[in-house]
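Please open the structure in a viewer and keep the selection tool at hand. The stops below are visited one after another.

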Amino acid sequence: MQAVADNNQYFSKKVTALNVVATVLIVILHSSSPERFGYPVTIDSYAPIFWISCFCQLAVPVFFFVSAILFYKNCDFEKLPGKLLSRAKSLVVPYFVWNIILVSAYCVLAHTPFV
């Protein structure tokens, strides 16, 4: 039984490490690049940035894959509806709250004459 626990802990550490690497690569992908300033990023003009952005694009599917592994780990079909409902509440409620706050702030600022 100890070997199974050690194996699960080893797997968990590896998946967490992969998740950290994918998160860092996604941050690099979304960081400022010459494209934001109107310069096209091609293999001829900015080759290192071009290859880094191509490599970082692999992080998005890896991140979704790792998230699915972590979400469905130790999950039975009997527990799945409750888990999905819990996840929906934890994602949908903050989404709507922030959207209501931001849309309200935009409407107020859009109708303020000095802004």
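## The whole chain

Of the 115 residues in the protein chain, 12% count as buried, where buried means under 20% relative accessible area, exposed means over 50%, and partly exposed lies in between (1.4 Å probe, protein chains only). This is a predicted model, in which local features need pLDDT of at least 70 and side-chain atom pairs count only at pLDDT 80 or more, while totals for chains, interfaces and linings use all residues. Residues are numbered from 1 along each chain as its sequence is written, and side-chain values use heavy atoms, with hydrogens and water left out.

Helices (H or I, at least four residues) and strands (E, at least two) are DSSP runs, numbered from the N terminus. The protein chain exposes about 9400 Å², of which carbon and sulfur atoms supply 72%; such areas come from the Shrake-Rupley method with a 1.4 Å probe, and for residues only the protein chains shown count as cover.

## The nonpolar core

Next, select Ala22, Leu25, Ile26, Cys56 and Ala59, the five residues of the largest nonpolar core. Such a core is a set of buried Ala, Val, Leu, Ile, Met, Phe, Trp, Tyr and Cys residues joined through side-chain atoms within 4.5 Å. Helix 1 (residues 2-30) supplies the largest share of this core, three residues. Now centre on Cys56: leaving aside neighbours within four places in sequence, Cys56 is in contact (heavy atoms within 4.5 Å) with Leu25, Ile28 and Leu29.

## Asn19

Stay on helix 1 and select Asn19. Asn19 counts as buried because its relative accessible area is 19%.

## Rings

Move to Tyr95 and Phe96, an edge-to-face aromatic pair with 5.5 Å centre to centre and 70 degrees between the planes. Rings of Phe, Tyr and Trp (its six-membered ring) pair if their centres lie within 6.5 Å; planes under 30 degrees apart count as stacked, over 60 as edge-to-face and the rest as tilted. Tyr95 is exposed because its relative accessibility is 53%, whereas Phe96, at 48%, is partly exposed.

Then select Lys83, which lies over the face of Phe71 at 5.0 Å from the ring centre. For such a placement, NZ of Lys or CZ of Arg is within 6 Å of the ring centre and within 35 degrees of the ring normal.

## Last stop

Finish at Thr112, in the segment after helix 4 (80-110). Is Thr112 buried or exposed? Thr112 counts as buried, at 17% relative accessibility.
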